[in-house]
Amino acid sequence: MTVETRLDFRSDTRTAPDRAMRTAMAAADVGDDAYGDDPTVNRLEAEGARLLGMEASLFLPSGTMSNLVAVLAAAPADGTTLIAGRRTHIALFEAPAIQRFSGTPLTQVPQDADGALDPDAVQQAMTAGAQHIVCLENTSMLSDGNALSPSVQADLATLVGPYATHLHLDGARLANAAVALGRPLSDMTASADSVAFCLAKGLGGPVGSLLAGTEEFIGRARELRMGLGGTMHQSGVLAAAGLVALRRIPQLAADHAIAALLATELGRVDGADVPSPSRRTNIVTVRLPGMTEQLLQRRLAGRGVLVLPLFDGYVRFVVHRGHEASSVPEAAAALRDVVDSGQGEA
Ligand SMILES: *Cc1c(COP(=O)(O)O)cnc(C)c1O
């Protein structure tokens, strides 16, 4: 029996460009970004830099390539160490490729429940005289999408101040953090040397990420992007969608409101464990007693609700612009149905 998918909560990358975005893409002025004369890409990079409070920014195909290019551009010497939290996208999905392509090994450090890096572990991972890249992820994906306040970043900057350090912010969902905290994006990056920012998650762009930093850093990043084959030609078509995405940042508040409602409603289901992060954004996780994350995922999928399995029995729901408040009772009803049908495979 095939089950119709009614709700897809796997990721905010599941958003598709809507009519307004496609109209802007169709109308985009283009040049050839390899020659630096695509006016729409240039506008996106200028607007991105301004919003992120950095001197310059660079349009890249993905967040993964932004993080890789950031490490390559920030690692001037052999013996550079990358330090990132254990429960981050970089540690879970990117570290082997970063090590392979940049030679920079990852030292993983524990994080607190909010997603902030353990200061003692960071300190221990630093060596006087050596070069380090320290990366903070905000929002913290595996801390239920918690938004870390700018003071967390500032404390980290103070801690690593005595060492040669490049502070990189994996801000794939930094717009969610800024909206949840009611702060401008530029406040969120104030003590970072570089930031990677996704246009293709909750903001709804089809493709792309911005890497922002100093003029000099972005100059190096631009060369590295070319070496990796990430230079694109008439990419103004994609940048036009990115410009629409940047104007939609305030709309993320609607996703956060639905996620808050979802957390409440899932939490009302008998036995459901729904952790509360300090500052929720668009992610909700849930587990049921005695059920693995894989089984819970399958049983929700059998009721038309798609989620991703995480660890320790938890599955994640990511709310995005494709969802409405009416999605919430449907999702809660599916979870309730899983509980009511007991522990079998049904
Ligand atoms: C999605 C994500 C990335 C990677 O972005 P892609 O565009 O999918 O390559 C990196 N870091 C974090 C925290 C993410 O959520």
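Biologist: Is the crossing of helix 3 and helix 9 left-handed or right-handed?

Modeller: This is a predicted model, so local features need pLDDT of at least 70 and side-chain atom pairs pLDDT 80 or more, while totals for chains, interfaces and linings use all residues. Residues are numbered from 1 along each chain as its sequence is written, and side-chain values use heavy atoms, leaving out hydrogens and water. A crossing is left-handed if the near helix is turned anticlockwise from the far one by less than a right angle, and right-handed if clockwise. The crossing of helix 3 and helix 9 is right-handed.

Biologist: At roughly what angle do the axes of helix 3 and helix 9 cross?

Modeller: Helices are DSSP runs (H or I, at least four residues), numbered from the N terminus. Axes are lines fitted to C-alpha atoms over the stretch in contact, and angles run from 0 to 180 degrees between N-to-C directions. The axes of helix 3 (residues 63-74) and helix 9 (residues 215-227) come within 9 Å. They cross at roughly 115°.

Biologist: How many charged residues has the contact of helix 3 with helix 9?

Modeller: Contact means heavy atoms within 4.5 Å. Helix 9 brings residues including Arg 220 and Arg 225. Asp, Glu, Lys and Arg count as charged, Ala, Val, Leu, Ile, Met, Phe, Trp, Tyr, Cys and Pro as nonpolar, and the others, Gly among them, as polar. By class there are 9 nonpolar residues, no polar ones, and the charged count is 2.

Biologist: Is helix 2 roughly parallel or roughly perpendicular to helix 10?

Modeller: Helix 2 (residues 39-52) and helix 10 (residues 236-247) pack at an angle of about 30°. Angles under 35 degrees count as roughly parallel, over 145 as roughly antiparallel, 65 to 115 as roughly perpendicular and the rest as oblique. Therefore helix 2 and helix 10 are roughly parallel.

Biologist: And helix 7 against helix 11: how far apart are their axes?

Modeller: Helix 7 (residues 174-181) and helix 11 (residues 252-267) pack at an angle of about 75°. That makes helix 7 roughly perpendicular to helix 11. Their axes are apart by 9 Å.

Biologist: How far from an oxygen atom of the ligand does a polar side-chain atom of Lys 201 lie?

Modeller: Residues around the ligand (a heavy atom within 4 Å) include Gly 63, Thr 64 and Lys 201. A polar contact is a pair of N or O atoms within 3.5 Å; within protein, one must be able to donate a hydrogen and the other to accept it, and residues adjacent in sequence count only if both atoms are side-chain atoms. For a polar side-chain atom of Thr 64 the distance to a ligand oxygen is 2.6 Å. For one of Lys 201 it is 2.5 Å.

How values were computed:
Helix = DSSP H or I, 4+ residues; strand = E, 2+ residues; numbered from the N terminus.
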